[in-house]
Amino acid sequence: LEGILGRGTIDRRRLTMNTITDHILSRRSVRSFSNEQIRDEDLDLILKAAILAPNGMNQEPWHFTAIQDPKTLRELDEKVAGPGESFFYHAPTLILVSIEIGNAFEKEDTACAMTNMMQAAHALGLGSVWCNRINHNPKLGVQLSSYGVPEGYKVTGTLAVGYPKGDYPSPRVPKQGTITYIRS
Ligand SMILES: Cc1cc2nc3c(=O)[nH]c(=O)nc-3n(C[C@H](O)[C@H](O)[C@H](O)COP(=O)(O)O)c2cc1C
């Protein structure tokens, strides 16, 4: 940045922060994807964002499985949604988050990793949506060793990722009255 903008002409920290907050404020769930597969380097960055997410007591009790093989993905999708149906919006990439069974922070750690991945995907111009059916089906959630989920882990979050098809959704209008300030 210094090379482009010149040294001292700009508060670099603020510029970076603005970019990050812009992404946070404009991210939406995307539910329509083009068939084009995402780039390997983008997937790696998304997964890096996942493994570097904050987590309870830094136990890193998680595992991430990126499914990109169309046949495997369709097979899993039909297991979840039923024959001919899609619960994952036909996204070309699906990332399963699994957590060691019995870990006290499973929900919190899952949410941190999922949020980091959604933000990273958005920053890369990709769309994503958290799809929550596998973990709502306890039987299915722990029977996924053939999909890269390690023994003793259960799926706690699933992220569909791809290039958005059509317009990116407009920023959400949040519910009012959800913030309290206590100031002197
Ligand atoms: C825990 C959780 C579970 C979700 N499960 C689903 C899901 O199964 N299918 C889906 O289409 N969206 C799912 N979503 C996405 C939410 O519907 C979405 O985040 C919410 O409507 C707000 O919209 P936005 O993400 O575009 O801001 C889930 C989100 C969270 C955080």
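An oxygen atom of the ligand sits 2.7 Å from an N or O atom in the side chain of Arg31. This comes from a predicted model, so the distances here are computed from model coordinates. As for cover, the ligand taken alone exposes 620 Å², and the protein buries 64% of that.

Stepping back to the whole shell, the residues surrounding the ligand are Arg27, Arg28, Ser29, Arg31, Phe87, Tyr89, Val129, Trp130, Cys131, Asn132 and Arg172. Sorted by class, this shell comes out as five nonpolar, two polar and four charged residues.

Now for Glu106. This residue lies in helix 5, which covers residues 106-123. Glu106 has a relative accessibility of 19% and therefore counts as buried, the cut-off being under 20%. Its side chain does find a polar partner, making a polar contact with the side chain of Lys154 at 3.1 Å. Lys154 also turns up when neighbours within four places in sequence are set aside: Glu106 is then in contact with Ile99, Lys154 and Thr156.

Notes. Residues numbered from 1 in each chain as written. Predicted model: local features only at pLDDT ≥ 70, side-chain atom pairs only at ≥ 80, totals over all residues. Heavy atoms only, no water. Near = heavy atom within 4 Å. Polar contact = N/O pair within 3.5 Å; in protein donor to acceptor, adjacent residues only side chain to side chain. Areas by Shrake-Rupley, 256 points an atom, 1.4 Å probe, with all protein chains shown as cover. Nonpolar A, V, L, I, M, F, W, Y, C, P; charged D, E, K, R; others polar. Helix = DSSP H or I, 4+ residues; strand = E, 2+ residues; numbered from the N terminus. Buried < 20%, exposed > 50% of the residue type's maximum accessible area, 1.4 Å probe, protein only. Contact = heavy atoms within 4.5 Å.
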